[in-house]
Amino acid sequence: MTQAIGNFRRANASLFAVGALLAVFLLLAVLMAANAKDPGMTIQAWTFVALAGTFLVGMCMWAGNPPENDPFDDTEYEDGIIKWGVFASMFWGLVGMLVGVVIALQLTWPNLFYFPELGWTNFGRLRPLHTSAVIFAFGGNVLIATSFYVVQRTCRARLAGGMWPWFVFWGYQIFIVLAATGYLLGVTQSKEYAEPEWYTDLWLTLVWVTYLLVFLATLWKRKEPHIYVANWFYLSFIVTIAMLHIVNNLSIPVDLAGTKSVQVFSGVQDALTQWWYGHNAVGFFLTTGFLAIMYYFIPKRVNRPVYSYRLSIVHFWSLIFIYIWAGPHHLHYTALPQWAQTLGMAFSIMLWMPSWGGMINGVMTLSGAWDKLRTDPVVRMMVVSLAFYGMATFEGPLMSVRAVNALSHYTEWGIGHVHSGALGWVGYISFGALYCLTPWLWKRRGLYSTKLVEWHFWISTIGIIFYIVSMWFAGVLEGLMWRAYNEFGFLEYSFVETVEAKHISYIIRALGGLLYFSGAGVMAYNLVRTALGHGEASAAEATKPDVTSDSEPSLQPAE
């Protein structure tokens, strides 16, 4: 017993390093709360104290009762953190989608769902809460959980860093809560996908750099000489998001004890930096990260090799080189020089080729296992996600063309485009990964109910179709009404008339969002029952070795 405790203490200097780091930030947060210049900072600082303090106390209690065996044993995978990641992904996904339904209802029936006496429920505060919750809270937790799972299995090495991966996970949850409460309080720097203020940005930078170091250290200690392609996609996502986040959020605080800050960039330079960030947040957070999920979980689920490993490498390098230049297409007909607008448009059109190369590679991985589309709804969901990926990556370059953009920009067409990618591509590949991870992590024989997966798939698919078709129709209608002139050269329609014309589309959109949220609720119920070992999860006949095995035969290149 004494020897085990000694090993524990020697092997886990990371525990004390994380504790010391948290203690320093707790002290700073208390000082900021005591000297706060505005009520928002008071609430935000004490929120951080409560969350980080809980994490620190939990670490101290755990360290005070060390287990007999080394909790960071390099001969075992670190799956506990991934289980927490699955739970966090489900929770934040439901929260983000519920807020999305609420704001869709606010736009549809503002007289019923607008509450003047509750300022924090205004659309202007709930809308960034929705986007950040589904992108960064739901999507971010899916990416962290799956990346930690995949890098261990493909490297045959435990996560590096001891307690530092846990700091990444819990530190990221602290960021989510700080950002969300900040939105509700009206604390925002008003940058799309980058609303959190300076102090929250600094905390996220620390967490994200730690995430990068943990991932790199795990690759460094790998027992496999080959770095599987999914890890290249994960690595590009982590590195590029760090670069984008730091540059776009360069700001100077007005006061170190206040929430407000002043941006370093201004005018058209700020706009260009923001959409360099904004489009690449889509490109590297919502594309390359989830392509990494595709490259691991589809081959693993169908027990087949990646269709073409060479294509995956070409796909990777062409995608990351081209995507980074596409941001200016968000700034057509603005003060940005036209050559820069054209550059963004040209690179956006070129993106079509590598994007479809990845889609084809994923779909063709089913060669020899097409029957699983009929028998396995999880596979069907992941393959349909690739169809939505292909559609969204065709529509995006189309909308970047200046003549098309003149009709589509600022209309509901953009909302339909974003949600076809978010709900169809990101949502479905994430759901598929969670359906795979839960029985694998909890050592269950299968999911609680395959029929519930079928229900989830069809309810959500109908919801997506309602959503994107209604927004396509509303967007084209809106764009045409905005450019309509009468015989005297005046605008034919007022802005209020265009809003009125979209009302039916708004009703259909709200219904589609409600169906999609309901499907996610069915998934959460299914996963919880699976983790508890109920239903088919405990039935012997549900066992499928290629689904529950931790071996990696399906990850070997086909050529």
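**View 1. The nonpolar cores of the model.** The largest nonpolar core has 138 residues, and those with the most contacts inside it are Tyr172, Trp208, Phe285, Phe297 and Phe431. A nonpolar core is here a set of buried Ala, Val, Leu, Ile, Met, Phe, Trp, Tyr and Cys residues joined through side-chain atoms within 4.5 Å, where buried means under 20% relative accessible area, exposed means over 50%, and partly exposed lies in between (1.4 Å probe, protein chains only). A second, separate core of six residues includes Ala33, Met41, Ala45 and Val187. The structure is a predicted model, in which local features need pLDDT of at least 70 and side-chain atom pairs count only at pLDDT 80 or more, while totals for chains, interfaces and linings use all residues. Residues are numbered from 1 along each chain as its sequence is written, and side-chain values use heavy atoms, with hydrogens and water left out.

**View 2. The surroundings of tyrosine 172.** When residues up to four places away in sequence are not counted, tyrosine 172 touches Phe136, Gly140, Asn141, Ile144, Phe167, Leu204, Val207, Trp208 and Phe285, a contact being heavy atoms within 4.5 Å. Among these partners, Trp208 and Phe285 are also listed, like Tyr172 itself, among the residues with the most contacts inside the largest nonpolar core.

**View 3. Arginine 158 in its loop.** Arginine 158 lies in the loop between helix 6 (123–155) and helix 7 (164–185); helices (H or I, at least four residues) and strands (E, at least two) are DSSP runs, numbered from the N terminus. With a relative accessibility of 5%, arginine 158 counts as buried. A polar atom of its side chain lies 2.9 Å from the backbone oxygen of glutamate 76, and a polar contact of 3.0 Å joins the side chains of arginine 158 and glutamate 78. A polar contact is a pair of N or O atoms within 3.5 Å; within protein, one must be able to donate a hydrogen and the other to accept it, and residues adjacent in sequence count only if both atoms are side-chain atoms. Leaving aside neighbours within four places in sequence, the residues in contact with arginine 158 include Pro71, Phe72, Asp73, Gln152, Thr218 and Lys221.

**View 4. Aspartate 79 between two helices.** Aspartate 79 is found in the loop between helix 3 (39–64) and helix 4 (80–108), and its relative accessibility of 14% makes it buried. Apart from residues up to four places away in sequence, aspartate 79 touches Gln152, Arg153 and Leu441.

View 5. The model contains 10 salt bridges, each being a side-chain nitrogen of Lys or Arg within 4 Å of a carboxyl oxygen of Asp or Glu. Glutamate 224 forms a salt bridge with arginine 156, and the closest N and O atoms are 2.8 Å apart. This pair links distant parts of the chain, 68 residues apart, with glutamate 224 in the loop between helix 8 (198–220) and helix 9 (229–248) and arginine 156 in the loop between helix 6 and helix 7. Glutamate 224 is partly exposed at 28% relative accessible area, and arginine 156 is likewise partly exposed at 37%. In a further salt bridge, the side chains of lysine 260 and glutamate 197 meet at 3.3 Å, N to O. Lysine 260 lies in the loop between strand 1 (251–253) and strand 2 (261–263) and glutamate 197 in the loop between helix 7 and helix 8, so this pair ties together parts that are 63 residues apart in sequence. Lysine 260 is partly exposed at 42% relative accessibility, whereas glutamate 197 is buried at 2%.

**View 6. A salt bridge between buried partners.** Aspartate 376 forms a salt bridge with arginine 301, in which the closest N and O atoms are 2.9 Å apart. Because aspartate 376 lies in the loop between helix 14 (372–375) and helix 15 (377–400) and arginine 301 in helix 10 (residues 267–302), the pair ties together parts that are 75 residues apart in sequence. Aspartate 376 is buried with a relative accessible area of 8%, and arginine 301 is buried at 7%.

**View 7. Isoleucine 464 in helix 18.** Isoleucine 464 has its place in helix 18 and is buried, with a relative accessible area of 0%. Leaving aside neighbours within four places in sequence, isoleucine 464 is in contact with Phe388, Leu423, Gly424, Tyr428 and Tyr516.
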